[in-house]
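Student: I would like a close look at a single part of this model. Please take me through it in one connected answer.

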There are 2 protein chains.
Amino acid sequence: MFDREFFLGFVKIHILYHAAKEPVFGVEITHELARHGYSLSPGTLYPTLHRMEKEGYLAGSSKVVNGRVRKYYRATAKGKQVLEQSRNSIRELVAEVLEEK
Amino acid sequence: MFDREFFLGFVKIHILYHAAKEPVFGVEITHELARHGYSLSPGTLYPTLHRMEKEGYLAGSSKVVNGRVRKYYRATAKGKQVLEQSRNSIRELVAEVLEEK
DNA sequence: CTCCCGATGTTGTATTGCGATATTGGTTTT
DNA sequence: AAAACCAATATCGCAATACAACATCGGGAG
């Protein structure tokens with residue numbers, strides 16, 4: 001599926017949402033998104049996670065699971081604040097885009 | 001307002017939505033978006049419109065209004081299709097992000 | 001000890017984003 | 001009628017992002 005420029009923001013908000021509920025890690029996110037019809041290559045996903053961490057939206061911590069290192073991310077206060085903002089943006093889009101038809 | 005990376009997609013869908021209803025032009029879009037709390041500099045807006053035209057989401061036509069040249073854009077079939085997709089994405093986000101709380 | 005698998009990481013290139021600046025043509029001011 | 005101003009679109013230059021392909025790394029299976 002193309003048209004990524006329109007939907008990448010949605011994807012990131014998905015990530016924030018899940019990271020606000022419980023710790024999440026890379027591959028898990030990939031699968032989650034796939035269930036929603038998005039596909040994200042590692043070359044997009046990991047740099048994005050790193051950036052979101054660096055910018056303070058996510059906080060990451062490495063854990064060893066089955067001997068393998070996984071990096072779990074949680075939404076920070078700032079990340080949750082963006083989520084909150086997004087609720088408003090989504091409501092507006094809902095009102096406009098979803099209504100009638 | 002920062003955090004643009006999360007919301008630019010929303011902005012573009014806004015543009016598509018309005019361009020699907022009636023012809024729109026640059027400055028008008030700027031004002032429209034401002035009313036929704038988004039701000040978009042010309043250096044972002046115009047290249048974005050050009051690109052969306054080039055990629056076939058929008059169709060532009062220049063008109064002279066009060067002696068000034070304006071470029072009006074309408075959503076193409078492809079643009080409307082993206083809008084349609086976005087309805088689904090929004091529904092999912094609504095289900096996840098907006099529900100509970 | 002070799003191969004595969006789950007995960008994360010990196011590289012190189014192309015695309016996008018954006019503030020600042022320019023352009024174009026008409027209107028108002030004096 | 002020149003100067004200053006305004007609406008609107010366009011471009012420049014640089015920084016930030018996106019992405020596919022490729023690389024790495026440790027454990028477990030055979």
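Student: How many residues surround DNA strand D, and which are the closest?

Tutor: The model is predicted, so local features need pLDDT of at least 70 and side-chain atom pairs count only at pLDDT 80 or more, while totals for chains, interfaces and linings use all residues. Residues are numbered from 1 along each chain as its sequence is written, chains are lettered from A and ligands numbered from 1 in the order in which they are written, and side-chain values use heavy atoms, with hydrogens and water left out.

DNA strand D is surrounded by 21 residues, and the closest are Arg4(A), Gly43(A), Arg51(A), Val27(B) and Tyr46(B). A residue is near the strand if one of its heavy atoms lies within 4 Å of it. Of the atoms of DNA strand D that come within 4 Å of the protein, 66% belong to sugar and phosphate.

Some side chains make polar contacts (N or O atoms within 3.5 Å; within protein, one must be able to donate a hydrogen and the other to accept it, and residues adjacent in sequence count only if both atoms are side-chain atoms). In Arg4(A), a side-chain N or O atom is 3.2 Å from a phosphate oxygen of DNA strand D.

Next come the helices (H or I, at least four residues) and strands (E, at least two), which are DSSP runs numbered from the N terminus. In chain A, α1 (4-21) and α3 (42-54) each supply at least two residues of the surface near DNA strand D, as do α2 (26-35), α3 and β2 (68-75) in chain B. α3(B) gives the most, with 5 residues. By class, this surface has 7 nonpolar, 7 polar and 7 charged residues; Ala, Val, Leu, Ile, Met, Phe, Trp, Tyr, Cys and Pro count as nonpolar, Asp, Glu, Lys and Arg as charged, and the others, Gly among them, as polar.

Both chains take part here, and they also touch each other. Their contact (heavy atoms within 4.5 Å) takes 36 residues from chain A and 34 residues from chain B. The rule finds 21 residue pairs in polar contact across this interface, both at pLDDT 80 or more. On the side of chain B that touches chain A, α1 (4-21), α3 (42-54) and α4 (77-98) each supply at least two residues, and α4(B) gives the most, with 15 residues. That side of chain B has 17 nonpolar, 7 polar and 10 charged residues.
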